[in-house]
Amino acid sequence: METTQMKNNSLFKKTGGMICVIFMVLTIGASNVWAADKPVELKFAVLEGTKAARTIYGHQNWADAVEKAANGSIKVSLFPSGSLVSPKQAYDATVNGLADISYISIGHYPGRFPLTESLGFPGNGISNPHMATEIIMEMYSKYPQMQKEFSAVKVLFLFGHAPISIATVSKPIHSWNDLNGLRLRINHKESASYLKSAGVAPAFIPPPDIFLNLQKGIIDGSVMGWLGHNAFGTIKLAKYFTIVPSVPGPLFAYVMNKKKFENLSQDQQTAIMSVSGDAGAQLLADCGDKEIETALNVVKQDASKQIFELSEQEQELWAQKAVGVQEQIIEKMEKKGYPMRQFIQDVKDLVKSKRKMK
């Protein structure tokens, strides 16, 4: 009797132990399946708001393309209007991992990306988003020195914008002489040196603060691409818009935290890069066309606003004024060891070849 009871107890213990083991295996297995199904979230810091053309046609489309290419294993979460980090902190925040991906304006980091910045020299003649984007991508591919400027991050792609226009509240710009005495928000330091020679007082103001400064009369106008004028409220206050081909357009980069990228699976890395590189750059160049169209439509619908183009004579004069400023910058950078003269010549050669292809 006692022996039978002992056997039953032993059997019960063995059966119970097996059930526990099976339960644990099933639980762990279910947990692993859930973990595998849960997408990796990538925090993407962008400058513009949710209703901006670049967010709608550019950033969101790229994020959607990443998620599709990764078969849902990646979730790209946009943080618009500097809600994650401020525009001037976006690059360092990406290096440090506060943001996984950021879209930065090179003009917000004067002196940090010297070769890249030089693509935006006054007088280079870059005239539209596609030309700007193709040239910056080709120069990045050709020059290791330019690649080294971004060594702290994973570069997904770069792109540019053109043309630039000067938006003013009360004084239209028809000539070089009309610039004298104006206080203008400038997009980067090369433009500041250039327009300062015409008597402009440059103001370096973050895009989100442009509207308030215009409203208070602290500045007379803003020098930006059409997207910027529309996204940051300049169009609501400015009455006059003058297109100025000699003033360089802004340059941008999509960058990613290196460690975050390296910790992704090979398939996920491939998915991201399949919609980045030339494909991502082309997407944002196409977006640039839509941005210009959207902003121009807003201006044209208001009879109180006017758009001007410089006469051929004025365009030549503005281009000539750029030569001296450009030469000063080239000499300064050559002394620091940068191959600036050859770099700029390559840019100008690309501009010429792309104009012939049109």
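## The five-stranded sheet

Five strands form an open sheet in the order E2-E1-E3-E10-E4, and the pairing is mixed. The model is a predicted one. Strand E2 (74-79) and strand E4 (154-160) are the edge strands, each pairing on one side only. From one strand to the next, the twist averages 20°.

Within this sheet, strand E1 (residues 40-45) pairs with E2 in the parallel sense, over 6 bridges. In that pair, Phe44 stands opposite Leu78 of E2.

## Helices packed on the sheet

Helix H2 (residues 53-69) packs on the sheet and touches E1, E2, strand E3 (101-105), E4 and strand E10 (251-256). The direction of H2 makes about 160° with that of E2.

Helix H5 (residues 129-142) also packs on the sheet, where E4 and E10 are touched. Between the directions of H5 and E4 the angle is about 145°.

## Strand E9 and its partners

Strand E9 (residues 240-243) pairs with strand E5 (residues 164-168) in the antiparallel sense over 4 bridges. E9 also pairs with strand E11 (residues 306-309), here in the parallel sense and over 4 bridges.

Definitions and conventions
Residues are numbered from 1 along each chain as its sequence is written. This is a predicted model: local features need pLDDT of at least 70, side-chain atom pairs count only at pLDDT 80 or more; totals for chains, interfaces and linings use all residues. Side-chain values use heavy atoms; hydrogens and water are left out. Two strands pair if DSSP finds at least two bridges between them. Helices (H or I, at least four residues) and strands (E, at least two) are DSSP runs, numbered from the N terminus. Axes are lines fitted to C-alpha atoms, for helices over the stretch in contact, and angles run from 0 to 180 degrees between N-to-C directions. Contact means heavy atoms within 4.5 Å.
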